[in-house]
Structures are given as structure tokens and as C-alpha cells.
Amino acid sequence: MFETEHIEERMILVGVDTGNPDAAGRSLDELQDLAKTAGAKTAGRLIQVRDSAHPATYIGRGKLEELKDLLWETEADGIICDDELTGVQIANLEAELSCKVIDRTLLILDIFAAHAVSGEGKIQVELAQLKYRATRLTGLGRSLSRLGGGIGTRGPGEKKLEMDRRLIRERISRLKAELRDVEKHRELIRSQRQRSGLKSAALVGYTSAGKSSIENALTGAGILEDAMLFSTLDTTTRSLMLDHTQEILLTDTVGFIRKLPHHLVEAFKSTLEEARYADIIIHVVDASNPQMDEQMHVVYETLRELGAEGRPVVTLFNKQDLLVGDQRQKDFRADYSIPVSAKTGQGLAELKKALLEIIRKDQIYIERLYDFKEAGKIQLIRSRGQLLEESYIPEGIAVKAYVPMDIYRKI
């Protein structure tokens, strides 16, 4: 039996400060967490202060020489840049440094590829990877040309670069077709839920805020809980009973992050749109994180880009068990702000109460006496509303219930 030793790559983190040193430092801290999630160790850090990233080499010539010395001193395997690089920047950096060059987007794609479990998740990741590669293909000269295979073919034939582009385009087309089939299935399920009258709530938040832990604590969904960034990618929907009559569907979504690559936003659009179609947004915040306010801003910006505004928002300030003293947080953009702890169960009962209050705002309370021949209306209330009390008396069927406005006239 052969045993293989896992070699942990040592990487240097490189960033550009365009006028906000604190933001640049925090972004590099997050990049270090991403590298750790991907299985790499940080050997050093380098930040250059300049108006914008260098169009050819990301950092200027002076810092490039400093980076070469740092690579030699630390014996690092490569560098990770804190922005999405162009094909030219990657090629120039590899030529100058003679080492592996990775940008933030490629690092996140690598993490997503490792964590994708479902068929849909794997399709989405591969699609994002191919779109990323398609914009960064560079030719290696005429030596890669090949002769055509047909009789009487003239000229050098199809170049290797052109062939790669064609193969990538064909694969992207096939993946998009597969993803459309998956999206049709998702839309079918979504329409069935809407017909059933069940309200839905989407758990959104910055990556590692504790969304999966919250869903597990509420529904026992059994989703993987991990301190690593993007430990779960695939959406999980479970039913949650708010009281003895009201049920709601709870959906966990992929975590948000600053500088979220546009390839991923496009590829994971169907998954992220769970927030867009949800009746209620549950915004999970890591209250123990010093960058809490900045992370909340990123989440709201992402929701705005997805068109998921205008819905009731319940903000959960999670991980209260890690805080020292009484620290009451408030989200002024949310309808409710609740301190919770998925670990201890603090605040979860208050969350259920808030969700129930939001749902009740769109319902009408009725107390009616129905004739026995109107028993079909009772069944409609049972399937679309919340039947609180039902009693059979000589005069008919006495009912107390909450019903949605759209069926009020029918019953």
C-alpha cells in the first residue's frame, strides 16, 4: 500500500492599497483565510500603495524586485494576488517571478470546486472555471499550429489556441444547457411551493457567519458546519414549524464575500436567486467579527445586485456566546434585529416569533360557523391557511383560523 504525503504550498499574499490602508489590510486578512481554506500556508505579505493596480504587472517595478527577494528569502512556492488579474498580468508576473501566480478569483474557484457536492453545484463551478479560463487563454506562437486532417487541406490548419477556445465554447454551451434544465426543475419546485401557500425564508449572510449552523439548530438539517470559508455551497431547504399551526420553508444559501467574482455570480445565479424569490430574508451576521459592519454592507449590496430588495428582513447577530458583556447590536435596515447563538440556542424562539408576526401581517383572522355542506371550505383553509380551532356543533362547523388574503373571498 502506497501512502502519499500532502504537501502544503507556501504562498506570499500580494495586494494593492488604493488609498485605504485599513481596508487593504482587512482584505489581505480575508485572502489569508481563503488560502488556508484552499490548503495553502501564508509565507509572507506584501502591499503596495498606488492609485491603481499596474496594468502590466499588478504591482510596480520596485515592488516587483522586493517580491522577488521575499520569494527567495521565504522559499515560497508562489504568490496570491488580492484582485482578479488579466491574462497579461498573469503572464508577465510568471515570466518575472518564475513561480506560480494565482489571483483571488482563481483561489475562490478552487475552493468552490473542492466543496461542490451536488450535480448542480459541480456544473456551476465548472462553468465559472471555464469562463475564467476563456478570457485568459494566450497562444504560444505558430509552433502550436497543426495541419488539418482533410484531403487537400492547405495552410497551417487550426492553431492550438483556437482549438482550445472552440472546445471551451462548446463545453460552456453544454453546461449552460444542463444548467437550464436544472433551473427549470428548480422553478417547478418553486411554483409548487407557491401554489401550496407556504411562505419561504432565505438565510443569507457573509461566508462563515453561521447560516448552516442556524438552519441545523432550527430544523436539524444536518448541514456541514465548518469554520472554513465556503464550507457549504449547495442550497438546502427544510420545513420549520413556527407554532403548532404555521409552517415555513427555510433555505440556506451560498455565503457572500467582498470582491465576489462575477463568474461566480453568473454561474450561481439560480442558487443566489433563492433570496430573490423568498418572502422573508434572514440576514445572519457574525457579531464576533471586528469587520461586522463592512460585511453587512457587502451582503446588502449583493442583495441589491440580485434584485432581492423590498422584502422583510430579520437580522440575526449570531455567535453571541463568543462576546464578552452585554453588546446590543442593531441593524437599522432590518425589520427585526435579534441577538442569537446557534451553539446555545439563544434567540431562536424570538426568531420564530418574528417570522410568525411577519406572516400574520399578510393574513386575516376569521371566526366562522360553516354549514356541514361547506366542508370543502374547511379543507381549503387547512391547505392554504392555518386552522387554529375546529369544532363540530349541531349548527355546523365552528372555525378559528388565519387565512391568506387571496383566498379570503372564497371562504
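These legends accompany close-up views of a predicted model.

**Figure 1. The whole protein chain.** The model is predicted. The chain has 411 residues, and 46% of them count as buried. Its secondary structure comes to 13 helices and 13 strands. The accessible surface of the chain is about 21,400 Å². Carbon and sulfur atoms hold 50% of that surface.

**Figure 2. Helix α1 against helix α4.** Helix α1 covers residues 21-38, and helix α4 covers residues 104-115. Their axes come within 10 Å. They cross at roughly 35°. The crossing is left-handed. Which residues meet here? From α1 come Ser27, Glu30, Leu31, Leu34, Ala35, Thr37 and Ala38. From α4 come Arg104, Leu107, Ile108, Asp110, Ile111 and His115. By class, this contact of α1 with α4 has seven nonpolar, three polar and three charged residues.

**Figure 3. Helix α2 against helix α3.** Helix α2 runs through residues 61-74, and helix α3 through residues 87-97. The two pack at an angle of about 50°. Their axes are 10 Å apart. That angle makes α2 oblique to α3. The crossing of the two helices is right-handed. On the α2 side, the contact is made by Arg61, Leu64, Leu67, Lys68 and Leu71. On the α3 side, it is made by Leu93, Glu96 and Leu97. How do the residues of the contact of α2 with α3 divide by class? Five are nonpolar, three are charged and none is polar.

Figure 4. Threonine 57 is found in the loop between β2 (40-49) and α2. Is threonine 57 buried or exposed? Its relative accessible area is 8%, so threonine 57 is buried, under the 20% cut-off. Look next at its partners, not counting residues up to four places away in sequence. Threonine 57 touches Leu64, Gln89, Asn92 and Leu93. Two of these names return from the previous view: Leu64 belongs to the α2 side of the helix contact, and Leu93 to the α3 side.

**Figure 5. Two loop residues with positive phi.** Most residues other than glycine have a negative phi. Glutamate 75 is not a glycine, yet it has a positive phi of about 55°. Glutamate 75 is found in the loop between α2 and β3 (78-81). Its relative accessible area is 64%, so glutamate 75 is exposed, over the 50% cut-off. Now move to serine 98. Serine 98 also has a positive phi of about 55°, and it is not a glycine. Where does serine 98 lie? It is in the loop between α3 and β4 (100-103). Serine 98 is exposed, with a relative accessible area of 65%.

**Figure 6. Helix α7 against helix α11.** Helix α7 spans residues 211-219, and helix α11 spans residues 348-360. They pack at an angle of about 85°. Their axes are 11 Å apart. The two helices are therefore roughly perpendicular to each other. Ile214, Ala217 and Leu218 of α7 make the contact with Leu348, Leu351 and Lys352 of α11. By class, the contact of α7 with α11 has five nonpolar residues, one charged residue and no polar ones.

**Figure 7. Valine 285 in strand β8.** Strand β8 covers residues 280-286, and valine 285 is found in it. Valine 285 is buried, with a relative accessible area of 3%. Which residues does valine 285 touch, not counting residues up to four places away in sequence? They are Ala209, Met292, Met296, Thr315, Leu316, Phe317 and Asn318. Compare positions for one of these partners. Threonine 315 is 30 residues from valine 285 along the chain. Their C-alpha atoms are separated by 7.1 Å.

**Figure 8. Proline 404 in strand β13.** Proline 404 has its place in strand β13, residues 396-404. Proline 404 counts as buried, at 12% relative accessibility. Leave aside its neighbours within four places in sequence. Proline 404 is then in contact with Asp362, Gln363, Arg384 and Gly385. How many residues apart along the chain are proline 404 and aspartate 362? They are 42 residues apart. The C-alpha atoms of this pair are separated by 6.3 Å.

Technical notes
Residues are numbered from 1 along each chain as its sequence is written. This is a predicted model: local features need pLDDT of at least 70, side-chain atom pairs count only at pLDDT 80 or more; totals for chains, interfaces and linings use all residues. Side-chain values use heavy atoms; hydrogens and water are left out. Helices (H or I, at least four residues) and strands (E, at least two) are DSSP runs, numbered from the N terminus. Buried means under 20% relative accessible area, exposed over 50%, partly exposed in between (1.4 Å probe, protein chains only). Accessible areas come from the Shrake-Rupley method with a 1.4 Å probe; for residues, only the protein chains shown count as cover. Axes are lines fitted to C-alpha atoms, for helices over the stretch in contact, and angles run from 0 to 180 degrees between N-to-C directions. Angles under 35 degrees count as roughly parallel, over 145 as roughly antiparallel, 65 to 115 as roughly perpendicular and the rest as oblique. A crossing is left-handed if the near helix is turned anticlockwise from the far one by less than a right angle, and right-handed if clockwise. Contact means heavy atoms within 4.5 Å. Ala, Val, Leu, Ile, Met, Phe, Trp, Tyr, Cys and Pro count as nonpolar, Asp, Glu, Lys and Arg as charged, and the others, Gly among them, as polar.
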